[in-house]
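Here are a few notes to read alongside the model, written as numbered points.

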Amino acid sequence: MTKTLPEPARQTEVHGEYDVVVLGGGPAGMAAAVAAARAGRSTLLVERYGFLGGMGTAAGVTNFCGLHANVHGDIRQVVHGVADGLLERIARLGGLNEPHALFGKTVAQAYDTAAYKIAADDLLLSSGVQILFHALAAGVLMQDERRVGALLVETKSGRRAVVGRMFIDASGDGDLAAWAGAPYEIGDGRGNMLYPSTMFRINGVDPARAGKAWEVIPKLMAQAEAEGRYKFPRKGAIVRPQKSGIEWRVNLTQLANRDGNAMNGVDALELSEAEILGRRQIAGVAGFLREVPGFERSYISDIAPQVGIRETRRVRGLYELTESDVLECASFDDTIGVNGWPLELHLKGDVEFRWPQIPQSRGFNHLPYRMTVPPSLDNVWVAGRCASMSHEAQSAARVTGACFVMGEAVGNAAHLALLAGSTAAAIDVAALQSRLHDNGAYLGRTW
């Protein structure tokens, strides 16, 4: 039996009252906050770190995935709207790479994390968003069984309550929705989640000698393992140059618990163990990389501030996006944008990609508004990797592009719900689609 202690009742100071409260400063949270604030709503974004970007900065991803899709053989950007404003700001700071090819089927786009942080601040503040950094969400206070009244946060000033009319859960872990009682799922139903990784960057690479090292490294890894000199945590190494060419990002760790399953990102003890294991794996991987031509003088320049979590809670919505929706490029009447990324399943010891038929298909699926709405709550939306998706579908629509899409949509939806005095489920979806289209978002209805 778990030991418990009673806590005394307390009066919690109110930090402020807002039309829209957004939890989480990743792509989904940023896009949601910007959309709500631009609609004229008083908006607060709550972020646990001292910077924005979510896994893109805190976990050192340094790579935008899902902004593009392979549309009948033509690789094009399919995520616009708020995302364009961020990309333009990063580019002006000199921190955005040209998109690079992946598997000959799509592209991704690397960026500098420092430029991302600066650009994100400017994007939100210029849109009228208020930001509360260094605030760890700790619970909710319910107005009634279907409505959240306040978000509780722990700050350096003590515990505070953030009162809101509408709430957007872009926490990645579905924290707010789960605390409010929304049903959720974890993993594939058999205890398996996508494995986390710890990202790191190395410097001191000779770009001329390194060349297309990403094509050579998998073969060298296989040779090193066959010789018994190294044992790698997974296959599918991602080693790519940053803007300068002398700095490269590395995604080669895989974090398993003592049972060999994926570390659980909502279990405090497992998350702590994952941080330590990630750094231990990095030490070994970095040694191997110094054997790669062009990497002989490389050194670790940065380890991400936190483990890169791919999957924890997925909050059940009015619709659950499925694997077949992704692979068959499904269309929905309530589309809010598109996902052009394939299934990317981080399985035990490996990474498996499953693609729609390319170039025969249009290469993307619609994201339905219903996947962002928990049916048991009237003033809460979920956006990002904690939205309503199956385990397999989440491996695709968890990436940056889809998060921007969901975030911008729910930020506008919160505005429309306030305008009409309606619930999240009852907003005018046609009006939402019209707002998104007018603000530059691509809904995927023509291509």
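**Notes on the predicted model**

1. Let's begin with a pair of helices in this predicted model. Helix α11 (residues 400-420) and helix α12 (residues 429-438) have axes that come within 10 Å and cross at roughly 125°. On the α11 side the contact is made by E408, A409, N412, A413, H415 and L416, and on the α12 side by A431, L432, R435 and L436. By type, the residues of this contact of α11 with α12 are six nonpolar, two polar and two charged.

2. The axes of α1 (27-38) and α4 (113-127) come within 8 Å and cross at roughly 25°. Because that is under 35 degrees, α1 and α4 count as roughly parallel to each other. From α1, the residues P27, M30, V34, A37 and R38 meet Y116, A120, L123, L124 and S127 of α4. The contact of α1 with α4 divides into eight nonpolar residues, one polar and one charged.

3. Which residues of helix α3 (residues 82-92) are buried? They are V82, A83, G85, L86, L87, R89 and I90. An α-helix has 3.6 residues a turn, so residues three or four places apart point the same way. You can follow that spacing in the list, for example from V82 to G85 and L86. The buried residues of α3 pack against the helices α1, α4 and α11, and also against the strands β3 (63-64), β5 (74-77) and β7 (106-110).

4. Just past the end of α3 there are two glycines to look at. G94 takes a positive phi of about 75°. G95 sits in the loop between α3 and β6 (100-102) and is buried, with a relative accessible area of 2%. Setting aside residues up to four places away in sequence, G95 touches I90, A110, Y111, D112 and A115. I90 is also one of the buried residues of α3. For a sense of scale, G95 and A256 are 161 residues apart in sequence and 33 Å apart in space, C-alpha to C-alpha.

5. S197 deserves a click. It lies in the loop between β12 (184-186) and β13 (200-203). Is S197 buried or exposed? It is buried, because its relative accessible area is 2%, and the cut-off is under 20%. The side chain of S197 reaches the backbone oxygen of T253 at 2.9 Å, and a polar contact of 2.9 Å joins it to the side chain of R310. Beyond its neighbours within four places in sequence, S197 is in contact with R234, N251, T253, L255, V307, G308 and R310.

6. E311 is a charged residue in the loop between β16 (299-303) and β17 (313-315). Its relative accessible area is 1%, so E311 is buried. What does its side chain make polar contact with? One partner is the side chain of H391, at 2.9 Å, and another is the side chain of R314, at 2.7 Å. Not counting residues up to four places away in sequence, E311 touches G187, N192, M193, L194, R385, H391 and Q394.

7. Finally, some backbone geometry to check. Most residues other than glycine have a negative phi, and most peptide bonds are trans. T62 has a phi near 50°, a positive value in a residue other than glycine. T62 lies in the loop between α2 (55-58) and β3, where it is buried with a relative accessible area of 0%. C329 is not a glycine either, and has a positive phi of about 55°. C329 is found in the loop between α9 (323-327) and β18 (335-339), and at 9% relative accessibility it counts as buried. The peptide bond from I358 to P359 is cis, with omega near 10°, and P359 lies in the loop between β20 (350-354) and β21 (365-368).

Key: Residues numbered from 1 in each chain as written. Predicted model: local features only at pLDDT ≥ 70, side-chain atom pairs only at ≥ 80, totals over all residues. Heavy atoms only, no water. Axes fitted to C-alpha atoms, helices over the stretch in contact; angles between N-to-C directions. Helix = DSSP H or I, 4+ residues; strand = E, 2+ residues; numbered from the N terminus. Contact = heavy atoms within 4.5 Å. Buried < 20%, exposed > 50% of the residue type's maximum accessible area, 1.4 Å probe, protein only. Polar contact = N/O pair within 3.5 Å; in protein donor to acceptor, adjacent residues only side chain to side chain. Parallel < 35°, antiparallel > 145°, perpendicular 65-115°, else oblique.
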